[in-house]
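Good morning, colleagues. Please have the sequence and the structure in view.

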Amino acid sequence: MAKTAIITGGSRGIGEAMALKLGELGYNVVINYRSESSKALSDNLAAKIKEQYKVDTLVVRADVSKYEDCEALVKATVDKFGENIDALVNNAGITNNCNWIDITREQYENVINTNLMSFLHMTHLVLPYMVNHSDRHHQCCIVNTSSVGGLTGVINQADYCASKSGIIGLTRALALEFAGRGIRVNAIAPGMIMTDMLRGVNQEELNALAETIPEGFIGDVSDIAGALGYILTASYVTGQVISPNGGFVMQ
Ligand code: NAP
């Protein structure tokens, strides 16, 4: 029987590469996005996954920082693919780059609601489905996108680092709570990866950033999709934080 996976923030960047990986691994893929401007991107991605991997897809616009939108996303998934949700990839994320004096309450609440609360909402809504059809021989997976910012501090990113550390705590606690029930929970903590999140940075700054990475270059979305593929197929891996980061942070 086909497996079903939901990915939040699947329209572009790391999420797009991970959505393709899910298709490659034989999952029917539910692609979530938030902005009207990403509708066409998401629809095109869904069509590409369908054609390339012969699986089914569903595109759902939802602002996952809101519980009601997460409910609608999960309901749309169950309506189309049934109650057996096999994988949840929590990936949606945003960042501010602002010092802690000038930042507004609205800005940091937005980061926490998008990056952390959405992961709480989605796991809370999806796990009841997973517990009903998982066991040691049929595993379900939750994969949470954290960041090296969750492993170490980053200047002017206090809200972002708080959200990304929180994701690691959530991952470990849920991994323990659901261990032995066929549900594995892991996190990926990417280092610097070339996506829209970094496209605002000019070439000179990018070169300076690359010099801070032991491997000497900024990573590609395929590095993160590869980590996802590993986690989904590694049946003894749970509660872990995999960090493809070019040696930037060593745990
Ligand atoms: P990106 O290119 O800016 O893509 C962000 C994705 O999140 C988009 O699909 C966006 O949807 C979605 N999104 C944002 N807010 C949302 C919301 N409220 N509801 C639903 N979807 C929402 O960023 P990225 O670099 O691929 O980042 C993906 C994840 O990796 C994030 O969690 C980020 O923190 C993490 N990360 C990235 C890096 C990096 O260097 N790039 C490093 C470490 C961790 P729309 O297209 O509709 O806006």
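A crossing of two helices is called right-handed if the near helix is turned clockwise from the far one by less than a right angle, and left-handed if anticlockwise. Please bear in mind that what we are viewing is a predicted model.

Let us begin with the helix pair. Two packed helices are described by the angle between their axes and the distance between the axes. Here the pair is helix H3, residues 67–81, and helix H4, residues 105–131; their axes cross at roughly 30° and come within 9 Å. Because angles under 35 degrees count as roughly parallel, H3 is roughly parallel to H4. The crossing of H3 with H4 is right-handed.

Which residues meet between these helices? From H3 come Tyr67, Cys70, Glu71, Leu73, Val74 and Val78, and from H4 come His121, Met122, His124, Leu125, Val126 and Tyr129. Sorted by class, the contact of H3 with H4 comprises 9 nonpolar, 2 polar and 1 charged residues.

I turn now to the loop residue. Thr95 lies in the loop between strand S4, residues 87–90, and H4. Is Thr95 buried, partly exposed or exposed? Its relative accessibility is 32%, and therefore Thr95 counts as partly exposed.

Beyond its neighbours within four places in sequence, Thr95 contacts Val111, Gln157, Tyr160 and Met197. Consider Gln157 in particular. Thr95 and Gln157 are separated by 62 residues in sequence, yet their C-alpha atoms are 7.6 Å apart in space. Their side chains make a polar contact with each other at 3.0 Å.

Thank you for your attention.

Terms used. Residues numbered from 1 in each chain as written. Predicted model: local features only at pLDDT ≥ 70, side-chain atom pairs only at ≥ 80, totals over all residues. Heavy atoms only, no water. Axes fitted to C-alpha atoms, helices over the stretch in contact; angles between N-to-C directions. Helix = DSSP H or I, 4+ residues; strand = E, 2+ residues; numbered from the N terminus. Parallel < 35°, antiparallel > 145°, perpendicular 65-115°, else oblique. Contact = heavy atoms within 4.5 Å. Nonpolar A, V, L, I, M, F, W, Y, C, P; charged D, E, K, R; others polar. Buried < 20%, exposed > 50% of the residue type's maximum accessible area, 1.4 Å probe, protein only. Polar contact = N/O pair within 3.5 Å; in protein donor to acceptor, adjacent residues only side chain to side chain.
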